[in-house]
Amino acid sequence: AQTFMLAMAEEGYDTCPLGGYDSRRIKKLLHLPYGAEVTMVVACGFREERGIWGERFRLPFEEVYRHK
């Protein structure tokens with residue numbers, strides 16, 4: 001997947017790996033056989049400069065990282 005995403009970037013596309021997808025629905029839409037498994041979904045396209053529609057939220061690094 002990383003090689004695919006890097007190759008897409010080289011061609012000027014943006015990519016984003018997705019989680020939380022409905023693998024049954026994807027299998028149905030793609031007419032995949034019963035035994036097939038969807039292991040990853042990667043969205044591809046061109047970046048929209050005004051593409052961030054809401055405010056981003058990120059926890060401070062010190063709150064999520066603990067060194068023992």
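1. What you are looking at. This is a predicted model, in which local features need pLDDT of at least 70 and side-chain atom pairs count only at pLDDT 80 or more, while totals for chains, interfaces and linings use all residues. Residues are numbered from 1 along each chain as its sequence is written, and side-chain values use heavy atoms, with hydrogens and water left out.

2. Confidence. The predictor's confidence in each residue is given as pLDDT, from 0 to 100. The chain averages 90, with 97% of its residues at 70 or more. Helix H1 (residues 2–10) has the highest mean, 96, and helix H3 (residues 61–64) has the lowest, 88.

3. Layout. You'll find three helices and two strands in the chain, running α-β-α-β-α from the N terminus on. Helices (H or I, at least four residues) and strands (E, at least two) are DSSP runs, numbered from the N terminus.

4. Overall dimensions. The chain has a radius of gyration of 17 Å, whereas a compact globule of 68 residues would have one near 11 Å. That radius is taken over C-alpha atoms, and the globule rule is 2.2 Å times the number of residues to the power 0.38. Along the principal axes, the C-alpha atoms fill a box of roughly 45 × 35 × 25 Å.

5. Burial and contacts. (Buried means under 20% relative accessible area, exposed over 50%, partly exposed in between, with a 1.4 Å probe and protein chains only.) Take the contacts between residues at least 6 apart in sequence: 55% of them join residues at least 24 apart. Contact means heavy atoms within 4.5 Å.

6. Aromatic rings. There are two aromatic pairs in the structure. In one of them, the ring centres of Phe 61 and Tyr 65 are 5.1 Å apart and the planes are at 15°, so this pair is stacked. The rule: rings of Phe, Tyr and Trp (its six-membered ring) pair if their centres lie within 6.5 Å, and planes under 30 degrees apart count as stacked, over 60 as edge-to-face and the rest as tilted. Phe 61 is exposed at 54% relative accessibility, while Tyr 65 is partly exposed at 45%.

7. A charge over a ring. Have a look at Lys 27, which lies over the face of Tyr 34 at 5.9 Å from the ring centre. To qualify, NZ of Lys or CZ of Arg must be within 6 Å of the ring centre and within 35 degrees of the ring normal.

8. Ile 26. This residue sits in helix H2 (residues 23–29). Leaving aside residues up to four places away in sequence, Ile 26 touches Tyr 21, Val 38 and Val 41. Ile 26 and Glu 37 are 11 residues apart in sequence and 9.8 Å apart in space, C-alpha to C-alpha.

9. His 31. This one is in the loop between H2 and strand S2 (41–45). His 31 is not a glycine, yet has a positive phi of about 55°. Most residues other than glycine have a negative phi. His 31 is also exposed, at 72% relative accessibility.
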